[in-house]
Amino acid sequence: MSIPQSNAPQWQPQPPQQKPHKKHRIFLWVFLGVQLLFLIWLIAGIASGSGTPEDCGTLDKQSCNDAENAGTAIGVGLVIVLWAVVDVILGITYAVYRLARRP
């Protein structure tokens, strides 16, 4: 007497599954590091504009303070523009990286 064969698939032991690798999100940490550097640079630039100017030459005190404030505003504006440009470049770089790794 033989055991009847069925059309059902036979059970086969599966090899043990490996743990999925944890993604290291290096780009996120680089991006956050760049943001922190720009934030420190911005705060240092704003803080350097406060105080009393020492070397004003022939300018009176009010004109000297106004000139210092204008210089600080220009410097802070340039840092913000550079920050935005670097963020756009980082964003494009990340997009190209993600598209290249897509299956």
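A positive surface patch in this predicted model is formed by Lys23, Arg25, Arg98 and Arg101. Patches are made of residues with over 30% relative accessible area and no salt bridge, with like charges joined within 9 Å and nonpolar side chains (Val, Leu, Ile, Met, Phe, Trp, Tyr) within 5 Å. A salt bridge is a side-chain nitrogen of Lys or Arg within 4 Å of a carboxyl oxygen of Asp or Glu. Lys and Arg count as positive and Asp and Glu as negative, while His and the chain ends are not counted. The place of a charge is taken as NZ of Lys, CZ of Arg, CG of Asp or CD of Glu. Arg101 belongs to helix H2, which covers residues 61–101; helices (H or I, at least four residues) are DSSP runs, numbered from the N terminus. Arg101 counts as exposed because its relative accessibility is 62%, where exposed means over 50% relative accessible area, buried under 20%, and partly exposed in between (1.4 Å probe, protein chains only).

Residues are numbered from 1 along each chain as its sequence is written. Local features of this predicted model need pLDDT of at least 70 and side-chain atom pairs count only at pLDDT 80 or more, whereas totals for chains, interfaces and linings use all residues; side-chain values use heavy atoms, with hydrogens and water left out.

A nonpolar patch on the surface consists of Leu36, Leu39, Ile40 and Ile43, which together have about 380 Å² of accessible area. Such areas come from the Shrake-Rupley method with a 1.4 Å probe, and for residues only the protein chains shown count as cover. Leu39 is located in helix H1, residues 26–48, and is partly exposed because its relative accessibility is 39%. Ala47 also has its place in helix H1. With a relative accessible area of 46%, Ala47 is partly exposed. Between the C-alpha atoms of Ala47 and Val85, 38 residues apart along the chain, the separation is 23 Å.

Val86 lies in helix H2 and is partly exposed, at a relative accessible area of 22%. The C-alpha atoms of Val86 and Gln35 are separated by 9.6 Å, and these residues are 51 apart along the chain.

A disulfide is a covalent bond between the sulfur atoms of two cysteines. Under the rule used here, a pair of cysteine sulfur atoms within 2.5 Å, the count is one disulfide. Cys56 is joined to Cys64, with an S to S distance of 1.7 Å. The link of Cys56 and Cys64 is left-handed, with -65° about the S-S bond. Cys64 is buried because its relative accessible area is 7%.

Technical notes:
Helix = DSSP H or I, 4+ residues; strand = E, 2+ residues; numbered from the N terminus.
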